[in-house]
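Open the structure in your viewer and keep the selection tool handy. We will walk through it one stop at a time.

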Amino acid sequence: MYKLRIALTKGRLEKDTVGLFEKMGLNCEAVKNKGRKLILPVGESIEVVLAKSNDVITYVENGVCDMGVVGKDTIAEMGGSFYEILDLGFGRCRFAVAGKKLSAPYDRQNIKVVATKYPNVTRRFFESKGMDVNVIKIEGSVELAPLLELSDAIVDIVETGSTLRENGLEVYEDVFPISARVIVNMAQLKIHKKEIESLVEAMEKALEN
Ligand code: PRP
């Protein structure tokens, strides 16, 4: 029997996906008690690989994992050649433009410098509005950039909004919603069509219940 190898984004998406696998009746004991192990069996016919989000795409693109679970944020920023076949509906948050609290109404045209971990998403958004902004790449805690007056705004992930609130920042406008997606290697979808399609159908069914 062919074992499907699935790359899971470590952390929250991993937990939510394992929850879904359990709903499907698959034995997830090995992943739940993984210790430091990175490749683990799920049920009889799946092997999961725990990876960082960008690497999930790299492994799926190169065909060393048949499938992957990764956020739409990473897909939008990285792009690549793979099929995005299912919206899992969990890992919900959104990309937003945010910055220091404004005293006047928000005017997008006032934004000249934007800090972000997602330069491609940011450039595309402002270009779609006919604007050419200066995008500065930051690796983490991007909320610092407007506070230190490096940028007029940030483009970042907002989930509960508490990081912005606790730092005196606010959302100016939403960019687009994010959730976890299932991606599939293009060649493997042809070669292992039956196995992949039946797993995806089972996932869809478990999501409905
Ligand atoms: C993300 C994002 C925000 C925060 C938003 O960071 O960059 O900082 O979560 O969540 P909230 O709206 O619920 O406060 P993450 O925790 O992934 O860490 P990072 O700064 O390393 O990206």
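One convention before we start: Ala, Val, Leu, Ile, Met, Phe, Trp, Tyr, Cys and Pro count as nonpolar, Asp, Glu, Lys and Arg count as charged, and the others, Gly among them, count as polar. By that scheme, the shell around the ligand holds two nonpolar, five polar and four charged residues.

This is a predicted model, in which local features need pLDDT of at least 70 and side-chain atom pairs count only at pLDDT 80 or more, while totals for chains, interfaces and linings use all residues. Residues are numbered from 1 along each chain as its sequence is written, and side-chain values use heavy atoms, with hydrogens and water left out.

**Stop 1: the whole protein**

Show the cartoon. Along the principal axes, the C-alpha atoms fill a box of roughly 60 × 30 × 30 Å. Of the 209 residues in the protein, 44% are buried. Here buried means under 20% relative accessible area, exposed means over 50%, and partly exposed is in between (1.4 Å probe, protein chains only).

**Stop 2: the ligand and its shell**

Now select the ligand. What surrounds it? Pick K117, S141, E143, D156, I157, V158, E159, T160, G161, S162 and T163 to see the shell; a residue is near a molecule if one of its heavy atoms lies within 4 Å of it. Which element gives the most? That is β9, with three residues.

The ligand sits in the largest pocket. On a 1 Å grid over the protein atoms alone, a pocket is an open set of points with protein on both sides within 12 Å along at least five of seven lines. A molecule sits in a pocket if more than half of its atoms lie within 2 Å of its grid points.

**Stop 3**

Zoom in on the ligand oxygens. A polar contact is a pair of N or O atoms within 3.5 Å; within protein, one must be able to donate a hydrogen and the other to accept it, and residues adjacent in sequence count only if both atoms are side-chain atoms.

- K117: an N or O atom in its side chain is 2.3 Å from an oxygen atom of the ligand.
- T163: an N or O atom in its side chain is 2.4 Å from a ligand oxygen atom.
- S141: a polar backbone atom is 3.3 Å from an oxygen atom of the ligand.

The ligand has 500 Å² of accessible area on its own, and the protein covers 63% of that. These areas come from the Shrake-Rupley method with a 1.4 Å probe; for residues, only the protein chains shown count as cover.

**Stop 4: two positive phi angles**

Stay on S141, in the loop between β8 (134-137) and α6 (144-147). S141 has a positive phi of about 45 degrees, although it is not a glycine. Next, select E149 in the loop between α6 and β9. E149 is not a glycine either, and its phi is positive at about 60 degrees. Is E149 buried or exposed? With a relative accessible area of 60%, E149 is exposed.

**Stop 5: a buried threonine**

Go to T9 in strand β1 (residues 4-9). T9 counts as buried because its relative accessibility is 9%. Its side chain reaches the backbone oxygen of V69 at 2.7 Å.

**Stop 6**

Select K101, in the loop between β6 (93-100) and β7 (113-116). K101 is exposed, at 56% relative accessible area. Its C-alpha atom is 9.8 Å from that of R165, although 64 residues separate them along the chain.

Then move to G79, in the loop between α4 (72-78) and β5 (83-87). G79 counts as partly exposed because its relative accessibility is 26%. From G79 to N54 the C-alpha distance is 10.0 Å, with the two 25 residues apart in sequence.

Finish at E170 in strand β10 (residues 169-178), which is partly exposed at 27% relative accessibility. Draw a line from its C-alpha atom to that of K23: the pair lies 147 residues apart along the chain and is separated by 38 Å.

Notes: On a 1 Å grid over the protein atoms alone, a cavity is a set of points where a 1.4 Å probe fits but cannot get out, and a pocket is an open set with protein on both sides within 12 Å along at least five of seven lines; lining residues have an atom within 4 Å of a point. Helices (H or I, at least four residues) and strands (E, at least two) are DSSP runs, numbered from the N terminus.
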